[in-house]
Each structure stands twice: as structure tokens, then as C-alpha cells.
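Thanks for coming. I have one structure to go through today, so please look at it on the screen while I talk.

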Amino acid sequence: MNAASNATASNRLAPARNELVVREKEETLRLRWRDYFALSEHQLHVPGLSPGHDGLRVAQLSDIHVGQATSAVRIRRAVEAVNASAPDMVFLTGDYVTHSPKPLPRVRELLAGLTGPVFVVLGNHDHWVNAPYLREGFERLGYTVLQNEHRVVTVRGTPATVLGVDDGRTGRDDVKATFQGAPTSGTRLVLAHTPPTIEKLPPHEGLVQFSGHTHGGQFVVRGLTEAVFRRAGQPYIRGHYTVRGNQLYVNQGLGFGFGGPYLRRGTQPEVAFFTLRAAPALQPAL
């Protein structure tokens, strides 16, 4: 069975089944088109979630692409929107720059000030430009960068494990190293820039992976975009999927398009929020 057929079919380029609303705040609607982004709200039912984390709130930003491809106003407003929602944890899932090293100093400037525990993984563009510089910059902000590493953090008085898998597009992912010594139960949340990393995770473990990379398809032509991405080894384009007994959310990314040099069609810049709910443990299919 190929990767695409493992995904929940109803999620292909359609609203995620677990998506509750896409909420548009007044101040967001008043932004210029080049500064626009959508706020999406999701509820995830997670098997094995620690009871103390029922109702846990997570915010995700991805594919910010600081530079001419993305409005600085959009990025700062997105940071403000995350802080206004007061999440328990914030996840940044890669591609903070594009091709040029010139915007590197601005990454820390524009993404500063996120409140709460912030966890970061790197994307393919970050490795192509200057991954060590970006890691150091995030760490100076007090954010936790995970490159095939995990951390156990106490949230709402209960331990949660955050597992950060490095970028798969550049071959730096090592799931075995990431999970080495990590708790095998309770709340376990995975960050990985590239969505297909979900296929390498231990199956039927009640894991949730947060990814980006695809920009929701960037320029969506129904049927064609999905076929092109699948041929390129990217069958998970945007929204929620269930893969091998684990869950995946693919963020549409904050950067690119709407006034920049890269066109968007059929997809919009996104800041995603998640409320986690406890669910019975999954049983492996026989």
C-alpha cells in the first residue's frame, strides 16, 4: 500500500474533519492583502493523552520565509495573534528563510516575544542557508530547538514529551535518535518539517505530528496539484490525516504569496491553534 492510500482519503485537499472553525478576527480582516493570514481552530482527539492535558492548547507557525516573500507586518501580527490566544505550547515547524542569508538577522527580530514554552524544528531551506545561525538565534530567545532530540516539559502540572525530528527533505531526519530514551506513554507530540516523516514514526502509538513544508499546495489546481505532490513523494498537502495509527497536521504556512514574488492560489497563510482532547488508546489493526 502506498503512502497516499494510508492517509485518510477525505482529508485530501479538503477541510480537515476535526477542524471546528476558521475564525477571522476583525483586526485580521482589516489587514492589507499582502499582510493577510487566517486563524484556524482545530480539536484533536488524541489516544493516550495524559488526563491532565485534556484541553491543552497548542499554537503552530510554519514556513515563515522571512524576507521579500513574506510581509514583516504579517509575521508580527501572527506573533501577536499567538500570544493573544495564550496557548500552553507554541510549535515552530521550519523554513524561516528561503534562499538568501540576508534575512537571517531578521528571523530572531520578527519571531521574538512568543510567550509560553516554544519548541522549534528546522526545515530544508534553513539547512540550505545557515542552520547553526538560526539555532543559535532561537536559543538566544529562550526557545528550544530540537534536531533529532526530545524534551520532557511540565505543562499544567503534567509531563509532556515534545519530539523534534530534523528535516527529511535534506536527509537529516533520525527518528530512532529522536525517540531514544523518550517516554513511551502519555502526551507525546512530534514536530517535523516534512509531512512524510509520519510514515517513519512507530505505528499505532497515539502520536500527533505537526508539519508544514507544502504551503498547502501553494498554487492549487484541483486534481493536478495532488498528483504532482504525490509524484514528488509528498502525499500529505494540508490539514489533518491519520497515517499508520498516528495523526498528522500539515500547516499551510505563514509565508509566500499575497504581494510577494511567489503566487498563492487555493491556499492561504495560516496560524493554527489546537485543543487536545483525551481519547481511548488505539488498537492496532489485525
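I will take the sheet, then the salt bridges, then the aromatic pairs, and end on one phenylalanine.

First, the ground rules. This is a predicted model, in which local features need pLDDT of at least 70 and side-chain atom pairs count only at pLDDT 80 or more, while totals for chains, interfaces and linings use all residues. Residues are numbered from 1 along each chain as its sequence is written, and side-chain values use heavy atoms, with hydrogens and water left out.

The sheet. Helices (H or I, at least four residues) and strands (E, at least two) are DSSP runs, numbered from the N terminus. Two strands pair if DSSP finds at least two bridges between them. Six strands make up an open sheet with mixed pairing, in the order S7-S8-S9-S10-S12-S11. Strand S7 (149–155) and strand S11 (239–243) stand at the edges; each has a single partner strand, so one side of each is left without a neighbour in the sheet. From one strand to the next, the twist averages 25°; axes here are lines fitted to C-alpha atoms, for helices over the stretch in contact, and angles run from 0 to 180 degrees between N-to-C directions. S7 and strand S8 (residues 158–165) run antiparallel and are joined by seven bridges. Arginine 151 stands opposite valine 162 in S8.

Side chains of opposite charge can pair when their charged atoms come close. The criterion for a salt bridge is a side-chain nitrogen of Lys or Arg within 4 Å of a carboxyl oxygen of Asp or Glu. How many salt bridges does a search of the whole structure find? It finds 10. In one of them, the side chains of glutamate 149 and arginine 151 meet at 3.3 Å, N to O. Both belong to a network of salt bridges that links Arg135, Glu139, Glu149 and Arg151.

For accessibility, buried means under 20% relative accessible area, exposed over 50%, and partly exposed in between (1.4 Å probe, protein chains only). Arginine 151 is partly exposed, at 34%.

Another salt bridge joins arginine 156 to aspartate 88, with the closest N and O atoms 3.1 Å apart. Arginine 156 lies in the loop between S7 and S8 and aspartate 88 in the loop between H3 and S4, so this pair ties together parts that are 68 residues apart in sequence. Arginine 156 is partly exposed at 45% relative accessibility, whereas aspartate 88 is buried at 17%.

Now the rings. Rings of Phe, Tyr and Trp (its six-membered ring) pair if their centres lie within 6.5 Å; planes under 30 degrees apart count as stacked, over 60 as edge-to-face and the rest as tilted. The structure holds seven aromatic pairs. In one, tyrosine 96 and phenylalanine 138 have ring centres 4.8 Å apart and planes at 70°, so the pair is edge-to-face. Tyrosine 96 is in the loop between strand S4 (89–93) and helix H4 (104–111), and phenylalanine 138 is in helix H6 (residues 131–140), so the pair ties together parts 42 residues apart in sequence. Both residues are buried. Separately, Phe91, Phe119, Phe210, Tyr249 and Phe274 form one aromatic cluster.

Last, phenylalanine 273, in strand S13 (residues 270–279). Is phenylalanine 273 buried or exposed? Buried, with a relative accessible area of 1%. Phenylalanine 273 and glutamate 41 are 232 residues apart in sequence, yet 4.9 Å apart in space, C-alpha to C-alpha.
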